[in-house]
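This briefing is for a reader who is new to the structure shown below. It takes the contact between the protein chains and the contacts with DNA in turn.

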Number of protein chains: 2
Amino acid sequence: MYSIGQLSKNTGVKVTTIRYYEEIGVLTEPERTQGHQRRYDVAALERLRFVKHARDLGFTIQAIESLIQLQESPEKSCKEATDIANEQLLDVRRRIKQLRSLEKELARIVKGCSGEGTSQSCYVLAALADHELCEKDH
Amino acid sequence: MYSIGQLSKNTGVKVTTIRYYEEIGVLTEPERTQGHQRRYDVAALERLRFVKHARDLGFTIQAIESLIQLQESPEKSCKEATDIANEQLLDVRRRIKQLRSLEKELARIVKGCSGEGTSQSCYVLAALADHELCEKDH
DNA sequence: CTTGAACCTCTAGTTACTGAAGATATTACA
DNA sequence: TGTAATATCTTCAGTAACTAGAGGTTCAAG
């Protein structure tokens, strides 16, 4: 059995976050000692690892809840899990695309300014003030 | 003079968001009609455009506040603005890098699963449960 | 002068945590 | 066994950047 601190060290999830996960139902309520402290079994550890890994990959808590549901009904179709992962993948790709276009414009703005004058003549500020200075819409 | 709705249409910033910006001090308090409704001048419109553009580029409200400070003291060095923009650029690049590595792993996970079996044997779920199946740390 | 759209304030909710206060439990060591 | 240090407990509030709704008032057009 693990204390909440040991669980935390084992997974890299903060103690407060573990309690939060319990509160919102992502983790089930663990046993308690007589003094009311939480004690976790290996299943809880594995579940938390799952959650951590999925969070690291950018899944929302909601998506993770769906995935847990699936895990717990092994007869269900695998397609749902694949769909969720796919959706996440598409989302990541969308975000990359958007960030790339931001990067481009930011790089252009930064490049246009030597950083030497006063802010009155700063190209960075001018570019931010005036959308017309953008290469294209965003 | 613009009403808050006209300002909203002109900038693409929602009415509620405009009021929120005022509350947190990003926009200064505008004049009011006798009936207590907000009326904005052109300066306010331009300032909101600036904020919108910077937000679209991913600047935090805090960074935007610094930029506004700079705009309002034209004798200050332009370097500060360039620094903020540069920091933002670096941050965008960091995020892109991280998302790329997520994309890679997600693609691998999704690819490993046909979506046809039951969730019991689902590779997506297995990969999320077991960090060992990852190609590298993240 | 009426009517309907736009506006007002205030409160609460969103996501996914994080931190602090003040009290209690456990553990290690003497 | 006693005590001190560390860990844990609950509860509440705060973070970023909005968004939405209730219930009431004002404006502008016909």
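By class, the surface near DNA strand D has 4 nonpolar, 9 polar and 5 charged residues. The model is a predicted one.

**DNA strand D**

- Around DNA strand D there are 18 residues, of which S3(A), R19(A), R38(A), T17(B) and R55(B) come nearest.
- Sugar or phosphate accounts for 89% of the atoms of DNA strand D within 4 Å of the protein, and bases account for the rest.
- At R38(A), a polar backbone atom is 2.7 Å from a phosphate oxygen of DNA strand D.
- A base is involved at Y20(B), where an N or O atom in the side chain is 3.4 Å from a base nitrogen of DNA strand D.
- Helix 1 (4–11) of chain A and helix 2 (15–24) of chain B each supply at least two residues of the surface near DNA strand D.
- With 3 residues, helix 2 of chain B gives the most to that surface.

**DNA strand C**

- T17(A), R55(A), G5(B), R19(B) and R38(B) come nearest among the 19 residues around DNA strand C.
- Of the atoms of DNA strand C within 4 Å of the protein, sugar or phosphate holds 87%, and the remainder belong to bases.
- The side chain of Y20(A) has an N or O atom 3.4 Å from a base nitrogen of DNA strand C.
- Q37(A) places a polar side-chain atom 3.3 Å from a sugar or linking oxygen of DNA strand C.
- In S3(B), an N or O atom of the side chain is 2.8 Å from a phosphate oxygen of DNA strand C.
- Two elements give two or more residues to the surface near DNA strand C, namely helix 2 (15–23) of chain A and helix 1 (4–11) of chain B.
- Helix 2 of chain A gives the most to this surface, with 4 residues.
- The residues near DNA strand C comprise 4 nonpolar, 10 polar and 5 charged.

**Interface of chain B and chain A**

- The contact joins 53 residues of chain B to 52 residues of chain A.
- About 4500 Å² is buried between the two chains, and carbon and sulfur atoms give 73% of this area.
- H53(B), L106(B) and L128(B) supply 15% of the area that chain B buries against chain A, more than any other three residues.
- The interface has 2 salt bridges; one of them links E103(B) to R93(A), with the closest N and O atoms 2.8 Å apart.
- On the side of chain B that touches chain A, at least two residues come from each of helix 3 (42–56), helix 4 (61–72), helix 5 (79–111) and helix 6 (123–129).
- Helix 5 of chain B gives the most to this side, with 20 residues.
- By class, this side of chain B has 27 nonpolar, 15 polar and 11 charged residues.

**Annotated span of chain A**

- An unreviewed UniProt entry carries the annotation "domain: HTH merR-type" for residues 1–70 of chain A.
- That span, residues 1–70 of chain A, is 60% helix and 6% strand, and its end C-alpha atoms lie 26 Å apart.

Methods: Residues numbered from 1 in each chain as written. Chains lettered and ligands numbered in written order. Predicted model: local features only at pLDDT ≥ 70, side-chain atom pairs only at ≥ 80, totals over all residues. Heavy atoms only, no water. Contact = heavy atoms within 4.5 Å. Buried area = accessible area lost by both parts, 1.4 Å probe. Salt bridge = Lys/Arg side-chain N within 4 Å of Asp/Glu carboxyl O. Nonpolar A, V, L, I, M, F, W, Y, C, P; charged D, E, K, R; others polar. UniProt positions renumbered as here; feature names shortened; annotations may be inferred. Near = heavy atom within 4 Å. Polar contact = N/O pair within 3.5 Å; in protein donor to acceptor, adjacent residues only side chain to side chain.
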